[in-house]
Amino acid sequence: MLKQTKIVGLGHYVPETVVTNHDLEKMMDTSDEWIQERTGIKERRWFTYGKETVASMGTEAAKKALDQAGLTPDDVDFIILATLSPDYFFPGSGVLVQEKLGIKEVGALDVRNQCSGFLYALSIGDQFIKTGMYKTVLVIGSEIHSHGLDKTTKGRGVTVIFGDGAGAAVLQATDESDKGILSTHLHSQGKYAKELVVIGPGNMTPVRLDASNAEDPTIMAPIMNGGTVFKHAVTRFQEVIYEALEANSMAKEDISLLIPHQANLRITQFIQKKMELGNDRVYSNIQRYGNTTAASIPIAMSEAYQEGRIKDGDLVCLAAFGSGFTWASALIRW
Ligand SMILES: CC(C)(COP(=O)(O)OP(=O)(O)OC[C@H]1O[C@@H](n2cnc3c(N)ncnc32)[C@H](O)[C@@H]1OP(=O)(O)O)[C@@H](O)C(=O)NCCC(=O)NCCS
């Protein structure tokens with residue numbers, strides 16, 4: 001019989017440096033009022049060059065998650081790390097976490113699915129546990145956006161939204177057949193790849209690593225068609241949440257806590273209103289961290305757990321939408 005996967009530990013790490021909307025006002029033509037009204041964000045964290053990396057933040061988050069689970073790095077059988085901002089172009093950053101944690105020579109997989117990255121990673125970990133191949137899987141989402149953003153007025157439509165941070169979850173099998181990850185649901189639509197994209201370094205420019213690319217923020221920094229992303233996000237979030245509920249013969253009334261990818265507070269509030277979920281049933285921390293893409297769900301889940309908003313027996317719904325476009329959900333009986 002297939003096993004059920006349980007999240008047995010959660011942890012997160014965010015850089016110390018707080019960057020408020022007022023700080024951004026000094027770099028570009030923007031305002032605290034505009035940012036809060038459009039996104040709900042008040043401040044975000046930015047890494048310190050030379051101090052933090054995607055791997056180091058992921059490692060710190062993972063240590064906390066392992067501690068909470070009462071496990072050590074020696075217990076980890078497989079590492080999955082989701083990021084769109086890897087420390088090296090290659091290799092992936094999962095192998096760097098393996099080294100930093102001093103984990104034995106287990107497999108390390110990087111996932112490139114942007115805002116849905118953590119849910120893709122979680123679903124992969126879930127399959128390995130379900131089949132009995134691995135006993136303990138470490139799933140990490142870690143991002144450093146601030147290093148690659150265009151911090152001039154030209155980049156303001158994107159730069160004000162994103163922040164840095166990391167979150168981690170430890171997965172193990174449980175014998176309680178009614179608990180754990182009930183199902184995961186993954187989607188993509190490459191037709192919209194260019195609506196939220198970082199083009200370089202890549203193969204869509206005449207020279208992959210042309211030094212002049214670095215001087216052109218439209219090549220090296222994220223480009224986002226905000227309106228299109230918003231429109232698709234509010235539809236896909238709901239679709240994929242209902243897909244998860246239907247797959248488990250459940251209704252929206254059964255959700256104890258919805259933890260959406262922290263894309264934009266306005267997107268979350270739109271879904272919340274449409275689904276008639278009260279504030280006590282939806283978790284938001286984007287106000288303090290901005291959008292940390294693959295790290296946003298594990299950071300939010302870790303904080304929600306610490307705050308006592310996830311309890312034994314709760315039905316937790318995770319949902320994400322982002323660049324790709326990709327979108328995904330997971331339903332978890334805690
Ligand atoms: C990005 C987003 C906040 C922009 O909000 P919007 O209301 O659509 O704003 P627009 O892009 O239409 O821009 C409106 C005006 O504000 C300006 N503007 C853009 N960014 C600005 C900023 N940071 N500060 C001040 N003004 C800004 C624009 O230049 C535009 O000015 P104009 O009317 O003179 O041309 C919104 O589209 C959004 O939230 N999209 C979803 C993005 C998202 O969630 N991404 C993550 C997905 S995982």
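Me: How many residues of domain 1 are in contact with how many residues of domain 2?
Reply: In this predicted model, 48 residues of domain 1 are in contact with 45 of domain 2, where contact requires C-beta atoms, placed from the backbone, to lie within 7 Å of each other. Local features in the model need pLDDT of at least 70, side-chain atom pairs count only at pLDDT 80 or more, and totals for chains, interfaces and linings use all residues. Numbering starts from 1 along each chain as its sequence is written.

Me: What are the two domains, and what separates their centres?
Reply: The chain is divided into domain 1 (4–177) and domain 2 (181–333), with bounds from an automatic or database domain assignment. Taken over C-alpha atoms, the two centres are 14 Å apart.

Me: Which elements make up the side of domain 1 that touches domain 2?
Reply: Those giving two or more residues are E1, H2, strand E3 (43–45), helix H5 (117–130), E6, H6 and E7. Helices (H or I, at least four residues) and strands (E, at least two) are DSSP runs, numbered from the N terminus. H5 gives the most to this side, with 7 residues. By class, this side of domain 1 has 19 nonpolar, 19 polar and 10 charged residues. Nonpolar means Ala, Val, Leu, Ile, Met, Phe, Trp, Tyr, Cys and Pro, charged means Asp, Glu, Lys and Arg, and the others, Gly among them, are polar.

Me: Why are E1 and E5 called edge strands?
Reply: The sheet is open, with 5 strands in the order E1-E7-E6-E4-E5 and mixed pairing; two strands pair if DSSP finds at least two bridges between them. E1 (4–13) and E5 (107–111) each have a single partner strand, so one side of each lacks a neighbour in the sheet. Direction ignored, neighbouring strands are turned by 20° against each other on average.

Me: What makes E1 and E7 a pair?
Reply: E1 and strand E7 (residues 165–174) run antiparallel and are joined by 9 bridges, against a requirement of at least two. Within this pair, histidine 12 has glycine 167 in E7 as its bridge partner. Helix H11 (residues 296–306) lies across E1, strand E6 (136–143) and E7, at about 90° to E1. Such angles run from 0 to 180 degrees between N-to-C directions, with axes fitted to C-alpha atoms, for helices over the stretch in contact.

Me: Which residues around the ligand come nearest?
Reply: Thr30, Arg156, Gly226, Asn264 and Gly322 come nearest, of 20 residues around the ligand; a residue is near if its C-beta atom, placed from the backbone, lies within 6 Å. H8 gives the most to this shell, with 5 residues. Each of domain 1 and domain 2 supplies at least three residues to the shell.

Me: Why is lysine 311 called exposed?
Reply: Lysine 311 has 11 C-beta neighbours inside 10 Å, so it counts as exposed: the limit is 12 or fewer, while 20 or more means buried and counts in between mean partly exposed, with C-beta atoms placed from the backbone. Lysine 311 lies in the loop between H11 and strand E12 (315–322).

Definitions and conventions. Contact = placed C-beta atoms within 7 Å.
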